[in-house]
Amino acid sequence: MTVGSGASGASGEGEAPRDANDDVVQVVSRLIRFDTTNTGEPETTRGEAECARWVAGLLEEVGYQTEYVESGAPGRGNVFARLPGADSSRGALLVHGHLDVVPAEPAEWSVHPFSGAVENGFVWGRGAVDMKDMVGMMIVVARQLKRAGIVPPRDLVFAFVADEEHGGHFGGQWLVSNRPDLFDGVTEAIGEVGGFSLTVPRPDGTERRLYLIETAEKGLAWMRLTARGPAGHGSMVHDQNAVTAVAEAVARLGRHRFPIVLTDTVAQFLAAVSEETGFAFDADSTDLEGVIDKLGPTARMLKAVLRDTANPTMLKAGYKANVIPATAEAVVDCRVLPGRKEAFEAEVDQLIGPDVTREWIRDLTSYETSFDGDLVDAMNAAVLALDPDARTVPYMLSGGTDAKAFARLGIRCFGFSPLRLPPDLDFSALFHGVDERVPIDALRFGTDVLAHFLTHC
């Protein structure tokens, strides 16, 4: 029996009639209409509990037993459901998605960011690609597996979690620390920002779709810089101005280019792209980033995994125009390659100098696994079953996901939220961007790939 996107609306023989909750387009649209904005402040973050309970209801409707968990604070809702597999001796597979989204300013959008509008071949709204598209696919496939009575090869644990967009303190990180029992038996996991297609040119003038499976991600480290000096009157001469000290440190750090370091994952990705395109992607290239630019808009994400980055994002100093403050602060968003933390810190200390102190206000380690094994084979087979001329390749994500939390339990994590994207779609710009949207065809394709994968994993 086959499960999938339900694009036609028809039911297979022996299959229960599908309703709107079995149509991935309608499910994703409805998910977007839950305003689950995560501001980073518990008192203004909203919607996660309501959305989580709705998800639980859809799963319970077809026979799942769910567990609703509030992680660390009221309203930070998480939902878990397990589908037993045929071989209980095998480790379970965690399929996870987060329900929260980053803020959106309606005045900047073509449609309201929480409308879930279905227009012009897309589902529009905040979370459409980050990551209510995958959450919708998870719901639809989970429901159809249960309705059809399909027993997967191994236990599947579906997890819908809170607070990923602020580091998982009230989501994945809290769950791992406080409810590790929810992950009993889990050995591998799939989540967001992987499995999407990148169309590359070939030397013969044709094109090929590469599906990028995330096997690594940079560390996420938010750093506070602080400078201190004597307070005083703004009309006088001051040789020790805290604002000047922190501003100079921020400028040096923001302009600095860390060295190119090719990790195993990035080297494998570049080698695969070289084979397909004929471009020379190697560490000895005098303009490696310029060559990567030939891959189109996704290059902005791909170039970010060649080196560590430190981007100043916030400044705070003073309280009156004629008062020199005693302290000045800056926040820097640092993303560090696997194995580079010690060298990165040493380089930062040299750049900021002795008059500025630093502290980590969020420090989540990098992650990397190899591109091999039965699970990778199953992902590859699922993609090729729906797109026979494609190729799967490993890549490193420049951002972070809940994999950072789940890896603490020894779980081997991958990014696999399959989407076949139009070649001209600037996919990377949609993450946290204005007019975030996901192609309907990509959603239906992804649902079919996910269904194949979960029944053969």
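Q: What share of the 457 residues in the protein is buried?
A: In this predicted model, buried residues make up 56% of the 457 residues. A residue counts as buried if its relative accessible area is under 20%.

Q: How many aromatic pairs does the structure hold?
A: The structure holds 11 aromatic pairs. A pair of aromatic rings is described by the distance of the centres and the angle of the planes.

Q: Why is the pair of Phe122 and Trp124 called edge-to-face?
A: The ring centres of Phe122 and Trp124 are 6.1 Å apart, and rings pair if their centres lie within 6.5 Å. The planes stand at 65°, and an angle over 60 degrees counts as edge-to-face. The pair is therefore edge-to-face. Both Phe122 and Trp124 are buried.

Q: Why is the pair of Phe183 and Phe406 called tilted?
A: Centre to centre, Phe183 and Phe406 are 5.3 Å apart, with 45° between the planes. Stacked planes are under 30 degrees apart and edge-to-face planes over 60, so the rest count as tilted. Phe183 and Phe406 are both buried.

Q: Which parts does the pair of Phe183 and Phe406 tie together?
A: Phe183 lies in the loop between helix H4 (172–178) and strand S7 (186–191), while Phe406 lies in helix H11 (residues 403–406), so the pair ties together parts that are 223 residues apart in sequence.

Q: How do you know that Lys294 lies over the face of Phe279?
A: Lys294 lies at 4.8 Å from the ring centre of Phe279. The distance limit is within 6 Å, and the charge must also be within 35 degrees of the ring normal. Lys294 is placed over the face of Phe279. Likewise, Arg437 lies over the face of Phe122, at 5.2 Å from the ring centre.

Q: What makes up the lining of the second largest pocket?
A: The lining divides into two nonpolar, three polar and four charged residues. Among the lining residues are Arg228, Asp239, Glu248 and Asp355, and Asp, Glu and Arg count as charged. Helix H5 (residues 242–255) gives the largest share of the lining, four residues. About 160 Å³ of space lies in this pocket.

Methods:
Residues numbered from 1 in each chain as written. Predicted model: local features only at pLDDT ≥ 70, side-chain atom pairs only at ≥ 80, totals over all residues. Heavy atoms only, no water. Phe/Tyr/Trp six-rings, centres within 6.5 Å; stacked < 30°, edge-to-face > 60°. Buried < 20%, exposed > 50% of the residue type's maximum accessible area, 1.4 Å probe, protein only. Helix = DSSP H or I, 4+ residues; strand = E, 2+ residues; numbered from the N terminus. 1 Å grid on protein atoms, 1.4 Å probe; cavity = no way out; pocket = protein on both sides within 12 Å on 5 of 7 lines; lining within 4 Å. Points joined across faces, edges and corners; volume = space filled by probe spheres on them.
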